[in-house]
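Colleague: I have a model open and some time to go through it. Can you take my questions as they come?

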Amino acid sequence: MDKLKFALLSIVVLFLMGLLGYWSVATLQTGTEYQASQELKKLRAENSDLKVELADLQDEVNTLQSSAKESPVDVAPAPVPTKTPSSQPSNVYKNQSLINDLQKLVDGNVLMKLNSAGTRVGTVQKFLNLYNNTTNKVDNGYGAATEKAVAAFQKDQGLTADGQAGRGTFSKMIDWLKKQG
């Protein structure tokens, strides 16, 4: 009889341990899952706080609206803000962003030539499209067509027409854009 009790008790204990093991494996989370669940709890708490704050503010607005209806008060119009001097130039041109990009090339003492690549080349190509009134693709590659267009611009502006774009060429590009308005 004692052996039977021991066997039954052992089976019950093993069964409970098995259930406990299953539960622990089933509820096991990775670090990422745990972190996400903690963030979700935090966001839910913040959301409920914001809902309470919104309700309080809505009550305050309703109270102010009802008191405003009951006693109209002459309110002076809000003053119109005046412009304060800023560090930006007083002249803003229609192609100001292109002028700014070209100025960065001047400031950076950049030199572009055949096979140069990058967004800086794209800036020059955008200018050439404006200057030549074309819609050529801006591919950010300084190929033969870009070199030829730069040389033509340089020749028109009285520069050495070598097809390479440097500070002098960029400065002439800026001057031309400013003349356009």
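Modeller: One term before we start: buried means under 20% relative accessible area. F153 is buried by that rule, because its relative accessible area is 0%. Keep in mind that this is a predicted model.

Colleague: Ok. How many helices and strands are there in the chain?

Modeller: The chain has 6 helices and 0 strands. Along the sequence the pattern reads α-α-α-α-α-α.

Colleague: And what share of the residues counts as buried?

Modeller: 20% of the 181 residues. The accessible surface of the chain is about 14300 Å², and carbon and sulfur atoms account for 58% of that surface.

Colleague: What about contacts, how many join residues at least 24 apart?

Modeller: 49%, counted among contacts between residues at least 6 apart in sequence.

Colleague: Which residues touch the most other members in the largest nonpolar core?

Modeller: L102, M112, V124, F127 and F170, out of 23 residues in that core. Helix 3, helix 4, helix 5 and helix 6 each give two or more residues to the core. As background, nonpolar side chains in soluble globular proteins tend to be buried together.

Colleague: Take V124. What does V124 touch, leaving out residues up to four places away in sequence?

Modeller: L105, M112, V150, F170 and M173.

Colleague: Switching to rings. How many aromatic pairs does a search of the whole structure find?

Modeller: It finds 5 aromatic pairs. One of them is F127 with W176, which is edge-to-face, with 5.6 Å centre to centre and 90° between the planes. F127 sits in helix 4 and W176 in helix 6, 49 residues apart, so this pair links distant parts of the chain.

Colleague: Are those two buried or exposed?

Modeller: F127 is buried, at a relative accessible area of 0%. W176 also counts as buried, because its relative accessibility is 19% and the cut-off is under 20%.

Colleague: Which residues do the ring pairs link into a cluster?

Modeller: F127, Y131, F153 and W176.

Colleague: Charges next. How many salt bridges does the count come to?

Modeller: The count comes to 1 salt bridge. K42 forms it with E39, and the closest N and O atoms are 4.0 Å apart.

Colleague: Where do K42 and E39 lie?

Modeller: Both are in helix 2, residues 31–70. They are 3 residues apart, so about one helical turn separates them. E39 counts as partly exposed, because its relative accessibility is 38%.

Colleague: Last topic, backbone. What is phi of N115 near?

Modeller: Near 80°, a positive value in a residue other than glycine. N115 lies in the loop between helix 3 (96–107) and helix 4 (119–132). At 68% relative accessibility, N115 counts as exposed.

Colleague: And phi of N140?

Modeller: Near 60°, again a positive value in a residue other than glycine. N140 is in the loop between helix 4 and helix 5 (144–156). N140 counts as partly exposed, because its relative accessibility is 28%.

Technical notes: Residues are numbered from 1 along each chain as its sequence is written. This is a predicted model: local features need pLDDT of at least 70, side-chain atom pairs count only at pLDDT 80 or more; totals for chains, interfaces and linings use all residues. Side-chain values use heavy atoms; hydrogens and water are left out. Helices (H or I, at least four residues) and strands (E, at least two) are DSSP runs, numbered from the N terminus. Buried means under 20% relative accessible area, exposed over 50%, partly exposed in between (1.4 Å probe, protein chains only). Contact means heavy atoms within 4.5 Å. Accessible areas come from the Shrake-Rupley method with a 1.4 Å probe; for residues, only the protein chains shown count as cover. A nonpolar core is a set of buried Ala, Val, Leu, Ile, Met, Phe, Trp, Tyr and Cys residues joined through side-chain atoms within 4.5 Å. A salt bridge is a side-chain nitrogen of Lys or Arg within 4 Å of a carboxyl oxygen of Asp or Glu. Rings of Phe, Tyr and Trp (its six-membered ring) pair if their centres lie within 6.5 Å; planes under 30 degrees apart count as stacked, over 60 as edge-to-face and the rest as tilted.
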